[in-house]
Amino acid sequence: MTRQEHEALLKRQEYLTTERRQEVAQNLQTARGFGDLSENAEYDDAKNEQAILEAEIAVNDIKLTNAKIIDENEIDESRVHIGSVVQVYDKEFDEKVTYSIVGSAGSDPLSNKISQESPIGAALLGKEVGDIVQVETPGGLVELEVLAIGIDKGEN
């Protein structure tokens with residue numbers, strides 16, 4: 001993962017283990033006050049919320065423990081890697097699109113930050129300017145031409 005992704009995940013984990021855990025514990029305490037736990041929907045909801053929170057914390061712990069930070073200085077800008085910003089030409093829609101290739105922890109498709117594990121991200125890895133990629137996506141076959149490759153400096 002990129003340094004920015006790692007820092008964002010650390011920040012998220014800090015929030016989850018401090019503020020969010022307290023909020024969920026308070027919700028659980030409030031729900032307990034509503035009476036009989038066997039017929040208490042608020043309590044069940046609070047327990048589910050707690051389980052989801054703890055699962056996310058556990059997954060993030062694993063990601064942070066196994067994280068390999070990509071050193072921007074070691075990235076070959078002539079090829080697409082995690083941390084690359086890639087401008088492509090989408091032939092079907094006749095438009096230029098810019099993607100940031102990120103680790104799965106930093107994926108945000110609405111901001112064009114795509115995981116190296118996504119169909120388009122995986123297809124672009126290792127490609128150079130001028131390469132044409134055809135990739136099957138859930139929306140159908142996409143044909144992209146790599147126009148430019150840079151490094152995501154985390155400024156956006």
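## A walk through the model

Start by selecting K91, which is partly exposed at 34% relative accessibility (buried means under 20% relative accessible area, exposed over 50%, partly exposed in between, with a 1.4 Å probe and protein chains only). Before you go further, note that this is a predicted model, where local features need pLDDT of at least 70, side-chain atom pairs count only at pLDDT 80 or more, and totals for chains, interfaces and linings use all residues. Residues are numbered from 1 along each chain as its sequence is written, and side-chain values use heavy atoms, with hydrogens and water left out.

K91 and E143 form a salt bridge, with their closest N and O atoms 3.5 Å apart (a salt bridge is a side-chain nitrogen of Lys or Arg within 4 Å of a carboxyl oxygen of Asp or Glu). Helices (H or I, at least four residues) and strands (E, at least two) are DSSP runs, numbered from the N terminus. E143 is also partly exposed, at 26%.

Next, select R20, E23 and E49, which salt bridges with shared partners join into one network. R20 and E23 meet at 2.8 Å, N to O; both lie in helix α1 (residues 3-32), three residues apart, about one turn of the helix. R20 also bridges to E49, with the closest N and O atoms 2.4 Å apart. That pair runs from helix α1 to helix α2, 29 residues apart in the chain. The structure holds six salt bridges.

Zoom in on Y99: leaving aside neighbours within four places in sequence, its contacts (heavy atoms within 4.5 Å) include V85, N112 and I114.

From there, step to N112, in the loop between β2 and β3 (113-115). N112 has a positive phi of about 60° although it is not a glycine. D94, in the loop between β1 and β2 (95-102), has a positive phi near 50° and is likewise not a glycine. D94 is exposed, at 55%.

Finish at G83, in the loop between α2 (41-66) and β1 (84-90). G83 is buried, at 4%.
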